[in-house]
Amino acid sequence: MPENTRTHLDLRVIAQDPSVKGDDDGILTAVVRVPWSRMEDGPRGPRFHVVDYDASAGRFLLHPAPPDRDVFAQAPDDQLVKDFAFHAQQVYAVASKTLATFESALGRRLSWGFAGQHLHLVPHAFAEANAYYSWEDRSLLFGYVPAAGGRGPVYTCLSYDVVVHETTHAVLDGLRRRYLEPGLPDQAALHEGFADVVALLSVFTMPPVVEQALGPADKSGRISGRNVTLDKLRRGVLTGVAEQIGQVLTQGRGALRRSALHPPPKDWATRAAYAEPHKRGEILVSVVLDVLLDIWLKRLVALFPPGEDHTRSTLDRARAAEEGAKAAGHLLSMMIRGLDYLPPVEFELPDLLYAVLLADVEMAPDDDLKYRDILIDRFGQVGITVPADWATSGLDVESPPTYLGMNFAALRSNRDEVFRFLWENAHRLGIETEYYTTVETVLPSQRIGPDGLIVSETVATYVQMLDLKAGELERISGLNLPEGIDPATPVQLFGGGTLVFDQFGHLKLHIHKDLGEWWRQLRRLDYLNGSGKRDSQQRLGFSDGAARGQAFAELHNTELTTGEAW
Ligand SMILES: [Zn+2]
């Protein structure tokens, strides 16, 4: 193909991890399509730079840029596992594919949470079963377990899901940078849960993986219609896909499988164990897995002639897998699109459901297949709900905002202009003006609308802050301080919102978490205090309180006593 018409590179990757075998008993691999770009050795493209530096061994390797034809297309299994140049290709391809998935769902280029365009991918960072995103190092660091006692080495960089999970942390940090700051328990859970959701759904968009989950086919490649039930599909997905997710880091404990098998207890939100971010994040994963199965089953049943008892019939396995992969891809886009409609601070899990629903209305107003009902139902089963009038509650204003004195072009790109809009309309939008307020982002996005035409909108976020002593908060709010917080403790409170302007520059959504919702502020302080999240000056909730850069190193350390890692 002439260079000027290239749009992508096809690169072979290990589809789950080297322990997962296909029908031929070889390592299950897939070809992923990543956006084309000029490549340099590393490999190094415009957004990712593979740095194969091993701090434990003090070794640095420079791998050649992938040539036009994938040199690993026919490589034997043992080469895939041993050749560090393939490891470099694996992390480059999977990270690129993940970023491309986010960019295509959100309709724009995405920035990292740090200054700079290159995210470093370090495939053999250290000799430890851990992997994490380091904001400080602008890197995704993947560890490995050296060979020992007759067992070969284990490389976290060869696990597709681990690479997707870590890349998602980096992308999410770029989209909502304040979510790494001390927040409500749901906020850390979102980072972990969403990274797992993207990992699970991404793995599931590869038909070879789904075929394995469906079990063996007969000689003509067909499976029994008896397998097309929610229960059978669930079991196949759990044993074929979910239980491998994160296995390399949880050392066989199968974190996802356990949580997805058992619906969470009704009172999970108040149980101490569920305050831990990974555990809490599992709620999200188990709900999304249920939604995926519901959608997939719906699509499979539709393949049989109407009125036929499908349990007596058979189904082409490749076709059934394709439907699963499509369902996963669709759900993944739905979930990602919601991210733009999240508040910039004070995240709670119902915010995600609300955001995903709102974003989906834009894409598919009619919802012929009733996917939104499935979401509402499944989230509702674990107590994550939205108000019944969610579809019309996105802009509850006393009187319509004014645009007098504002510049339409500037409103789409300039933070000061958006601040001017806020200033002018604060009372109409119910924004408290007594707090320090700043507009943090103004991002234009383009999406394909339901009629196939391009829809432009602008998403802006603002944040409000208040520094005070815990005792003063007690006085203002009229509520009691949580146990164990001294009234003299300095605390920092946050509020803020997301403004969505339509293609005509008119405000259509205002998603907000008000600073003055004191019960929420006290809940946040109670959580931060209870989980020991004070900064070096013993203050609570300050934005620069934690060592932000290394936030995930600790969270993902397998040595943690919580039993959940990565
Ligand atoms: Zn994580």
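Reply: What follows describes the interface of domain 1 and domain 2.

This is a predicted model, in which local features need pLDDT of at least 70 and side-chain atom pairs count only at pLDDT 80 or more, while totals for chains, interfaces and linings use all residues. Residues are numbered from 1 along each chain as its sequence is written, and side-chain values use heavy atoms, with hydrogens and water left out.

The protein is divided into domain 1 (3-175), domain 2 (187-386) and domain 3 (391-555), with bounds from an automatic or database domain assignment. Taken over C-alpha atoms, the centres of domain 1 and domain 2 are 24 Å apart. Their contact (heavy atoms within 4.5 Å) takes 32 residues from domain 1 and 29 residues from domain 2.

About 2500 Å² is buried between domain 1 and domain 2, and carbon and sulfur atoms give 68% of that area. Buried area is the accessible area (1.4 Å probe) that two parts lose on being put together, summed over both. Of the area that domain 1 buries against domain 2, Gln-16, Asp-161 and Leu-172 supply 21%, more than any other three residues.

Between domain 1 and domain 2 the count is one salt bridge, meaning a side-chain nitrogen of Lys or Arg within 4 Å of a carboxyl oxygen of Asp or Glu. The side chains of Arg-108 and Asp-340 meet in a salt bridge, at 2.9 Å from N to O.

Note on methods. Polar contact = N/O pair within 3.5 Å; in protein donor to acceptor, adjacent residues only side chain to side chain.
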